[in-house]
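Please read them with the model open.

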Amino acid sequence: MQSQQLNRIAWLLILLLVVIIFPGCIKEQFNPDNFDPSLDLTPGLAVPVGFSHMGFEEYLAKSPLQDELLADEDGFLSLYYSAPVDSGVMGDLLSIQDANVTRTVTNQTGSVILLNLPGATYDLADSITIPIISPQVTARIDSIKLLSGSLQISGTTSGLTGTITYQFPGLELNGLPFSVTRNITTPGFSLSLAGYSLIPDHDVSGNNILKCLISIHLQTPSGPVNPGSIIITAIAGLTALSYETLYGDFGGYSVTFPAKTISTPFFSQLAEGQIRFADPRLKLRFANSVGVPFGVYFTEVYAIDRNNIRLPLTGSGVPTATSPKIFKYPALNQAGQTINDSLVINGSNSNLPDFIASNPDSVTIKGVASIEIPVPPSTTFVRYDSKYNVSAVFELPLWGRADFMVLIDTMVFDYLSSALPPPDELEKLIVRTSITNSFPATVWPQIYLLDANYVLLDSLFTGTEKIEGASDTNGDGKAEPQKQPALDIVLPRSKIDNLLNSRYIIAKGRITTTGFPTADIKLYSSYYLDYKVGVIAQLKIKTGK
């Protein structure tokens, strides 16, 4: 389907250079008033082929290429080629890993703890430090709002009586720190963390940690606990933590975009030559609901031309690792919102005109999105459902200059053999065409005739025929219609036989924009091509009965 669509636009771009013999292009029933043979051929037969008004406006209204070929309010046309570059959901990219820490509390008093007197007690304090680690990034985490997860503590003691209290200043529910007191003989517990906020401390190395303060109250009878002996061995763990929101500094985390190839099939229709666009643009679009500044840069952007040669995109407007493009992001009070931003690369900040002038079959993009430290420094956030989406769009306004060859694929052709008298009654054929062209491009057409076995039989044109391009004669920036002198193509008997024996055709046309190579032209949806076509047959004079 895409190949058929591309062929249709190619037909328009070469001004329907086969309309004179291809009935599929006829848009209206032929009116004999539109065709005046005005040739003195006796005896003769005029066979109307058709009349049509072919314009971009009508084509755009019905075109399957509406997403690629678009017109602005003034009718100025542009080609658009877009492709997704990368996207991601942060909950799939950043996680908090499980952590288990063992802490052994020993008698550090230097004497025996022996509580054998009635009412005797002994209190001591210690702590457990649980690391909070994301395996994907070394980040300063200020707080975590948890969706789920669990905290478990288990412990073993021997010969002790009393209680143990665990306090977590950095683990809050509704603003209240969590604490729990357990009998020292059964010191373990498990806690669901759904709805909790985890507010890490930071050690001297900047690591994120959750502190658990331990208060042990020993009472009669307890002990004896000798100096250096174990009072309790506790194991603390955080498992299956899932977050609603992470707050902190995630600078240094990066996402590498996989290589993305954007097809530019427009150029695949060119057999040779070049098109130079006056104002091509490459837009990188970034949609971001992650509350962090992403710095995006390219590791590679290159075009592959028809000779499989790579041409890199360069220039001050092309972001690099040392000078990335910082895209906008939602502030804390915009959590849940998506902020859109874009980067525009054009002829003023890159070699894009030369890049596109290579007429590439495709463009490949590879890049990186790295989280940057905000300026000025501030707390950023990542929600589990935060997303980023990167896409690339080539905007090619149909404004520029061109001199190129277009080759249309083989097409079935078996029309005239059923519309004309038998070959042995024909002496000569004349194809008469009257054309009014408002496209600012001159076309030198050629049609190759092939038999049922795809063997080349002949060519239709001599090589001197052309459709003149229109030009701007009143200074309004648009080309005015150019009425062509009537074009007669005389087909001698040898060509008649080849034409009537043809079952396939190949169309080829050289196109040069008006004023090439010094002037740029623009294509508008109001441009059109009118043609009136007829075939005049000179019949053989019969003698005898």
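1. A pocket here is an open set of points on a 1 Å grid over the protein atoms alone, where a 1.4 Å probe fits, with protein on both sides within 12 Å along at least five of seven lines; lining residues have an atom within 4 Å of a point. Grid points are joined across faces, edges and corners, and a volume is the space filled by probe spheres set on the points. The second largest pocket has about 160 Å³.

2. This is a predicted model: local features need pLDDT of at least 70, side-chain atom pairs count only at pLDDT 80 or more, and totals for chains, interfaces and linings use all residues. Residues are numbered from 1 along each chain as its sequence is written, and side-chain values use heavy atoms, without hydrogens and water.

3. The lining of the second largest pocket includes Pro 131, Ile 132, Ile 133, Ser 205 and Gly 206. Its residues divide into six nonpolar, six polar and no charged. Ala, Val, Leu, Ile, Met, Phe, Trp, Tyr, Cys and Pro count as nonpolar, Asp, Glu, Lys and Arg as charged, and the others, Gly among them, as polar.

4. Most peptide bonds are trans. The bond from Gly 223 to Pro 224 is cis, with omega near 5 degrees. Pro 224 is in strand S14 (residues 222–225); strands are DSSP runs (E, at least two residues), numbered from the N terminus. Val 375 and Pro 376 are also joined by a cis bond, with omega about -5 degrees.

5. Asn 308 is not a glycine, yet has a positive phi of about 65 degrees.

Definitions and conventions: Helices (H or I, at least four residues) and strands (E, at least two) are DSSP runs, numbered from the N terminus.
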